[in-house]
Every structure is written in C-alpha cells, then in structure tokens.
Amino acid sequence: QVQLVESGGGLVQPGDSLILSCAASGRSFNIYAMGWFRQAPGKEREFVAAIDWSGGSTYYADCVKGRFTISRDNAGNLVYLQMNSLKPEDTAVYYCASNRNALIKSMESAARTYDYNLWGQGTQVTVSS
C-alpha cells in the first residue's frame, strides 16, 4: 500500500520547537518533490513548505520563512519539517504530500495543491501556553 504517514506533532508552548516526520512507504518517493501543508480549524488548507526531489531547492510560505526548515532523506524515504519559534497561529493539522513532479519551478507551483497526488492523514500541532 502506497502511503505517507506523518508523526511528531504535539502540544508545545510558544517559542518551542518540533520536528515533524513523514515516512513514505509502498514505493520510492525519491524522484518526487514533497511538500508540507497545514489546516487550522475553520480555515482552508494552506501551503507551508516544499522541497524538490534532490533537496536542492526549497520553498516556504512567508509566514514560516526563517522559522521552519524542510529537508529529506531519500535513502530512508523520509521528509522532515523542523519548526522553531512556534507561535499560537501555527496551530493546525500538518499534512505531508507527494508532488507529481520531481522539480518545483516556482513558488506558485510549490503551493498548488493540485500538483500533489498523495497525502498523509496529518498530525496535530498545538501551540499554546
């Protein structure tokens, strides 16, 4: 079964850090770009970060730039999201997704949900004091 499974979410305080992991199984995801999205209650799903197949190019939403870092371990079929200086507004369910393409050519294409054809179930991140 081809699937993505996120882990690492939890309840943290403002200013804390978390590392989310996305484990891919069922086939190799090494040739696909990957992304992280999030959805807060009552809001639409929004783009967070993306990385191309090699890890050479990354893209970030303005609201997380400088605080979050996306990376990947192709040998282990893993994608990570390092989240630092967390804020209450980062509270959401975070989803890992596999892109149809290996390369991401622009910020616009990185954020286009249509280009992601496999999604995980999500992991909850709650930032609260």
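Guide: Along strand β7 (residues 68-73) the side chains alternate: F68, I70 and R72 point to one face and are buried, meaning under 20% relative accessible area with a 1.4 Å probe on protein chains only, where exposed is over 50% and partly exposed lies in between. Strands here are DSSP runs of E with at least two residues, numbered from the N terminus.

The model is predicted; local features need pLDDT of at least 70, side-chain atom pairs count only at pLDDT 80 or more, and totals for chains, interfaces and linings use all residues. Residues are numbered from 1 along each chain as its sequence is written, and side-chain values use heavy atoms, with hydrogens and water left out.

Strand β7 runs antiparallel to strand β8 (residues 78-83), to which six bridges join it; two strands pair if DSSP finds at least two bridges between them. S71, for instance, has Y80 in β8 as its bridge partner. The two strands form a hairpin with four residues between them, and N77 in the turn has a positive phi of about 55°.

M83 lies in β8. Leaving aside neighbours within four places in sequence, M83 is in contact (heavy atoms within 4.5 Å) with residues including F68, R67, L18, L20, Y94 and V125. M83 is also among the residues with the most contacts inside the largest nonpolar core, together with W36, L81 and Y94. That core has 37 residues; such a core is a set of buried Ala, Val, Leu, Ile, Met, Phe, Trp, Tyr and Cys residues joined through side-chain atoms within 4.5 Å.
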